[in-house]
Amino acid sequence: MWKRLLRSLYSPIHIARFRFHPIGKAIGYVFFLSLIATLPIAIYFIISINKTIDSTRELLGEELPPFEVVDGILISDEKKTIELIHPDVTILLDSTGTLTTDDVARYTNAVAFLKEDFSLVVNGHVQSYPYAVMQVDRFTNKDVYEFTRTLQSLLPIVISLSFFVLYFFTCTSKFLYVTVLAFIGLIFRETLNKRGTYRHMWSISAYSITLATVFFTIMEALQIVVPYAVALDWFVSITILFVSIKELPSVKEAG
């Protein structure tokens, strides 16, 4: 697997030869690439959520003003938005309805108790949950504090579930990506007058995404934002797909 990955980084000839491998090898390779792409995000998520829970519990217990949620609405004596800034997390309390989920999304790590929603931002990724869906008629800041203590003890389970969900979505996107590339490969095959079935194009496409996947995985690990990342990803993969298909044998002209 690692040899195929290394050769796929620089050798269109090897990528073209990989089409002779059983299709199961190409499918397994996509699962392998998906795991590599998931690891940096998962590691930062684990570190961030651990720090967020620790800091949230500390701020809830010591600095956040009292509040309660009744029938899905946040109630507090505070007449303005409360912002508690900690090195690892920012806690927001807004019973006025001023803040929105979009406002919360500006933070890297944050916990926000809004008028009708609870929002959690971990490493720049925001999730919002209406209080109404929690199916609890009433809870207070003390209940939230106790919940964070319970959540910390369940953290290994939460992290495991989160990782598998993230890996599932990464695999799904990679397989869709490769499938679309394979159709593009059929167009290149006809244009270049080369031999190859759709299965061959799918296998070649699976290895053609290696360079872009490894590059963006490294950028994610280094926390570097790449401008026009989606366009660059497609451009690199399609270019490698094209030069790999050029290595296929040509169809002999009749006569």
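Predicted model: local features only at pLDDT ≥ 70, side-chain atom pairs only at ≥ 80, totals over all residues.
By the pairing rule used, the count comes to 16 aromatic pairs.

**Phe18 and Tyr207**
- These two rings make a tilted aromatic pair, 4.6 Å centre to centre with 45° between the planes.
- Phe18 sits in the loop between helix H2 (12-17) and helix H3 (23-62), while Tyr207 is in helix H7 (residues 198-208), so the pair ties together parts 189 residues apart in sequence.
- Tyr207 counts as buried too, because its relative accessibility is 0%.
- Both belong to one aromatic cluster, made up of Trp2, Phe18, Tyr29, Phe32 and Tyr207.

**Phe215 and Phe216**
- This aromatic pair is edge-to-face, with 5.1 Å centre to centre and 80° between the planes.
- Phe215 is partly exposed at 34% relative accessibility, whereas Phe216 is buried with a relative accessible area of 19%.

**Arg4**
- You'll find Arg4 in helix H1 (residues 2-8), and Arg4 is buried, with a relative accessible area of 13%.
- Setting aside neighbours within four places in sequence, Arg4 is in contact with Phe18, His21, Lys25, Tyr29 and Tyr207.
- As for Phe216, its C-alpha is 18 Å from that of Arg4, and the two residues are 212 residues apart in sequence.

Technical notes. Residues numbered from 1 in each chain as written. Heavy atoms only, no water. Phe/Tyr/Trp six-rings, centres within 6.5 Å; stacked < 30°, edge-to-face > 60°. Helix = DSSP H or I, 4+ residues; strand = E, 2+ residues; numbered from the N terminus. Buried < 20%, exposed > 50% of the residue type's maximum accessible area, 1.4 Å probe, protein only. Contact = heavy atoms within 4.5 Å.
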